[in-house]
Amino acid sequence: MATPLAPEAEWVRVRASGKINLALRVGGVRPSGYHPLATVFQSVSLFDEIAVRLDEPGRFTVRVHGEQADLVPSDDRNLAVKAARLLADHYGPSRYGAEIVIRKTIPVAGGMAGGSADAAGALLACSVLWDLDTTPDELRAFGATLGADVPFQLMGGTALGTGRGDVLVPVLSRGSYHWVLALSGDELPTPEVFRRFDQLNPEPPADLPLPTEVMNALVAGDAAALGAALVNDLEPAAVALRPGLVRTLQTGRELGALGAIVSGAGPTCAFLAANEAAAVDLSVQLSSEGICRVVRRVTGPVPGARLITA
Ligand code: C5P
């Protein structure tokens, strides 16, 4: 039976966070085209908001507002639309439709899994909107078919990711970490970065090391140790594609960051500060250097996609 469309249909709203990879170890490409990963994710307080309400069955639309909205597709290529359609196709293609509105803050193609956050948000929001009895595990399984980062974007917090980054184990993390992010005006498509990684690493190691130094620093709540342990195997590839990142990373280090790293596939750079006051200083100084589109101060870990109102 078709779901009646109420003219005064209520919005269901979800807030979804961005992520940084505190460690990102990458193995050799597999026949599937994916690379095995050993990564530690941390969600940080940069949020997209995904709002959905009922639309006619079979009708899915999306509007995108906020930062870099013009760079996000507003048709069926949008990951939030794909997420909504995936759920609808599974639970009853002739029953469900959704009007989706996204407000973006997470950089687009910036290495912080912004598209995956929107997909995670749409999965959660639509499951509530359509009153589906999906469990968190089921939502994560749907998410994994949309993108390797989507399961973590549903979960949030701090987690070890293996497989394609979609096999998750929560990681103990004490305290809150203060980050300064240098957001680029430029996009860096993830597949391009992995392709450059393949060129730079013709013989990648057969076994991926577990990022134990990062995990030990998190258990101890030791920001200095975490700063020293940050590692990203994709960084040389990102830097090869965007040589300007060398200067951005170097500037943050010279300004006293405990650690500096390209976030995921980049081009966002993340700088760890000792505390909130140091983060404020660092963000002011980085802004005045004029080497990136915008500087943002965030903390982590924070939750992943979460319902705001239903
Ligand atoms: O899973 P997702 O669509 O977000 O990944 C985008 C692209 O990044 C993939 O098509 C693939 O080229 C690359 N990727 C990879 N190995 C991973 C995750 C992503 O090669 N573990």
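Residues are numbered from 1 along each chain as its sequence is written, and side-chain values use heavy atoms, without hydrogens and water. Because the model is predicted, local features need pLDDT of at least 70 and side-chain atom pairs count only at pLDDT 80 or more, while totals for chains, interfaces and linings use all residues.

The ligand sits in the largest pocket. A pocket here is an open set of points on a 1 Å grid over the protein atoms alone, where a 1.4 Å probe fits, with protein on both sides within 12 Å along at least five of seven lines. Sitting in it requires more than half of the molecule's atoms to lie within 2 Å of its grid points. The residues around the ligand (a heavy atom within 4 Å) are Gly 33, Tyr 34, His 35, Leu 37, Gly 147, Ala 148, Arg 164, Thr 190, Pro 191 and Phe 194. Five of these are nonpolar, four polar and one charged, with Gly counted as polar. Helix H5 (residues 190-200) gives the largest share of this shell, three residues. Helices (H or I, at least four residues) and strands (E, at least two) are DSSP runs, numbered from the N terminus.

Polar contacts are pairs of N or O atoms within 3.5 Å. A polar side-chain atom of His 35 lies 2.6 Å from a ligand oxygen. For an N or O atom in the side chain of Tyr 34, the distance to an oxygen of the ligand is 2.9 Å. Gly 33 contributes a polar backbone atom, 3.4 Å from a ligand oxygen. The protein covers 75% of the 450 Å² of accessible area that the ligand has on its own (Shrake-Rupley method, 1.4 Å probe).

Aromatic pairs (ring centres of Phe, Tyr or Trp within 6.5 Å) number four. Phe 41 and Phe 152 form a stacked pair, 4.4 Å centre to centre with 10° between the planes; stacked denotes planes under 30 degrees apart. This pair links distant parts of the chain, 111 residues apart. Phe 41 belongs to strand E2 (residues 37-54) and Phe 152 to helix H4 (residues 150-155).

Pro 267 lies in the loop between strands E9 (259-262) and E10 (269-273). Pro 301 is in the loop between strands E11 (294-300) and E12 (306-309). Gln 68, a residue other than glycine, has a positive phi near 55°. Its loop connects strand E3 (60-66) and helix H1 (79-91).

How values were computed. A polar contact is a pair of N or O atoms within 3.5 Å; within protein, one must be able to donate a hydrogen and the other to accept it, and residues adjacent in sequence count only if both atoms are side-chain atoms. On a 1 Å grid over the protein atoms alone, a cavity is a set of points where a 1.4 Å probe fits but cannot get out, and a pocket is an open set with protein on both sides within 12 Å along at least five of seven lines; lining residues have an atom within 4 Å of a point. Rings of Phe, Tyr and Trp (its six-membered ring) pair if their centres lie within 6.5 Å; planes under 30 degrees apart count as stacked, over 60 as edge-to-face and the rest as tilted.
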